[in-house]
Amino acid sequence: MVGFKQIIVKNPRFFFRVSLAVLDAGLIALAFYLAYRLRLLTAHQNLPYSFTPYLGMAAVYVITLLVTFFFARLYHRRRAFSHIDEFSKLTAASSIGTLIAIAFFSLLFKNEPDYSRLMMVYAWLLTIILTFIGRTLHYRWQRSAYARGIGVSRVLICLLYTSDA
């Protein structure tokens, strides 16, 4: 059986990308659930008290945003990047992904309980906030792994110097 550290050492970029995608999926799902709970607190609309009817919508929301993040190149990190650039790309991708998910909701869930537009605004904002915090923590974890020598790409650079003197 291959050990956890061996997977990281053999293909560190793949491992860090997959772990980031899994983290994003969990945080996007959490944002959708928290948006549902926040909408229940306002109680301006008759939402079902069970989250079960929204599981399909949550799955569509998570998948749509993950695909949008992929095409926005949020999983193709460079070594040095600005957190402001990351936040702006994340905001743009979350906005586009949320709009695409709403379009899918109206196509796929015509006979299901109607989703709340305010809940989708909450989900959009919470997705941006939670994924940014999660990505910042993931980046720090990745940097600490590099500092311990895990996943470091070692490159040998040979310089040839010739003198025509």
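Along the sequence, the protein chain follows the pattern α-α-α-α-α. The chain has five helices and zero strands. Helices (H or I, at least four residues) and strands (E, at least two) are DSSP runs, numbered from the N terminus. The model is predicted: local features need pLDDT of at least 70, side-chain atom pairs count only at pLDDT 80 or more, and totals for chains, interfaces and linings use all residues. Residues are numbered from 1 along each chain as its sequence is written, and side-chain values use heavy atoms, with hydrogens and water left out.

Of the 165 residues in the protein chain, 35% are buried. Buried means under 20% relative accessible area, exposed over 50%, and partly exposed in between (1.4 Å probe, protein chains only). Contact means heavy atoms within 4.5 Å. Among contacts between residues at least 6 apart in sequence, 80% join residues at least 24 apart.

Helix packing was examined next. Two packed helices are described by the angle between their axes and the distance between the axes. Axes are lines fitted to C-alpha atoms, for helices over the stretch in contact, and angles run from 0 to 180 degrees between N-to-C directions. The axes of helix 2 and helix 3 come within 9 Å and cross at roughly 140°. Helix 2 is therefore oblique to helix 3. Angles under 35 degrees count as roughly parallel, over 145 as roughly antiparallel, 65 to 115 as roughly perpendicular and the rest as oblique. The crossing of helix 2 and helix 3 is right-handed. A crossing is left-handed if the near helix is turned anticlockwise from the far one by less than a right angle, and right-handed if clockwise. Helix 2 contributes Ala21, Asp24, Ala25, Ile28, Ala29 and Phe32 to the contact, and helix 3 contributes Met57, Ala58, Tyr61, Val62, Leu65, Leu66 and Phe69. These residues divide into 12 nonpolar, no polar and one charged. Ala, Val, Leu, Ile, Met, Phe, Trp, Tyr, Cys and Pro count as nonpolar, Asp, Glu, Lys and Arg as charged, and the others, Gly among them, as polar.

Helix 3 also packs on helix 4, with axes that come within 8 Å and cross at roughly 140°. The two helices are therefore oblique to each other. Their crossing is right-handed. On helix 3, the contact residues are Met57, Val60, Tyr61, Thr64, Leu65, Thr68 and Phe69. The contact of helix 3 with helix 4 divides into 13 nonpolar, five polar and no charged residues.

Helix 4 (residues 83–108) and helix 5 (residues 117–147) have axes that come within 10 Å and cross at roughly 140°. Helix 4 is therefore oblique to helix 5. This crossing, too, is right-handed. The contact residues divide into nine nonpolar, eight polar and two charged. Glu86 lies in helix 4. Glu86 is buried, with a relative accessible area of 8%. Apart from neighbours within four places in sequence, Glu86 is in contact with Arg77, Phe81 and Arg135.

Leu27 is found in helix 2. At 15% relative accessibility, Leu27 counts as buried. Leu27 and Thr127 are 100 residues apart in sequence, yet 7.1 Å apart in space, C-alpha to C-alpha. Leaving aside neighbours within four places in sequence, Leu27 is in contact with Leu130, Thr131 and Gly134.

The whole structure holds nine aromatic pairs. Rings of Phe, Tyr and Trp (its six-membered ring) pair if their centres lie within 6.5 Å; planes under 30 degrees apart count as stacked, over 60 as edge-to-face and the rest as tilted. Phe32 and Tyr61 form a tilted pair, 5.4 Å centre to centre with 40° between the planes. This pair links Phe32 in helix 2 (residues 12–42) to Tyr61 in helix 3 (residues 55–71), 29 residues apart. Phe32 is buried at 0% relative accessibility. Tyr61 is buried at 0% as well. Tyr36 and Tyr54 form another tilted pair, 5.4 Å centre to centre with 50° between the planes. Tyr36 lies in helix 2 and Tyr54 in the loop between helix 2 and helix 3, 18 residues apart. Tyr36 is buried, with a relative accessible area of 0%. For Tyr54, also buried, the value is 0%. Ring pairs also link Phe15, Phe16 and Trp141 into a cluster.
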